[in-house]
Amino acid sequence: AEEKGLPQKVAAISVPVALREVDPEVVTDVIKSVASLQSVLNRSSTYMIVLFALFAISICSVVVPWRFVGQMVNLGPTSNHAAYRRCLVKASAHLTRELVLNDGF
């Protein structure tokens with residue numbers, strides 16, 4: 001069967017949301033809501049508040065990680081100490097095995 005004069009293969013394909021028809025009531029509601037917010041969106045205080053919030057977030061994104069720079073700087077030596085401890089554990093296990101078995105391995 002054909003939908004709206006389209007062949008069957010084309011009718012089976014789902015149409016993306018952006019290409020569907022929008023009800024005139026929805027368009028009217030959107031226009032009314034944008035018109036009601038027009039006075040708020042055109043105020044300079046709105047833009048100043050948004051700009052201040054953006055500036056505050058930008059500062060926080062720099063300041064908060066800065067507190068952890070000391071920990072990040074010591075990350076390399078800390079992981080190196082972990083490798084050193086692992087080597088000591090292996091050496092201790094080998095020495096213990098040598099002392100217990102006394103087989104010269």
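Does E21 count as buried or exposed? At 78% relative accessibility, E21 counts as exposed, where buried means under 20% relative accessible area, exposed over 50%, and partly exposed in between (1.4 Å probe, protein chains only). This is a predicted model, in which local features need pLDDT of at least 70 and side-chain atom pairs count only at pLDDT 80 or more, while totals for chains, interfaces and linings use all residues. Residues are numbered from 1 along each chain as its sequence is written, and side-chain values use heavy atoms, with hydrogens and water left out.

The secondary structure comes to 5 helices and 0 strands, and along the sequence the pattern reads α-α-α-α-α; helices (H or I, at least four residues) and strands (E, at least two) are DSSP runs numbered from the N terminus. Of the 105 residues of the protein, 2% count as buried.

Helix α3 (residues 44-66) has 23 residues and reaches 33 Å from its first C-alpha to its last, close to the 33 Å expected, the expected span being 1.5 Å times one less than the number of residues. This helix α3 is hardly covered, since the count of buried residues among its 23 residues is 0. For the 27 residues of helix α5 (residues 75-101), a span of 39 Å should result at 1.5 Å a residue, and the end C-alpha atoms are 39 Å apart, which agrees. After α5 comes N102, whose phi is positive, near 50 degrees.

To return to the opening residue, E21 is found in the loop between α1 (8-12) and α2 (24-41).
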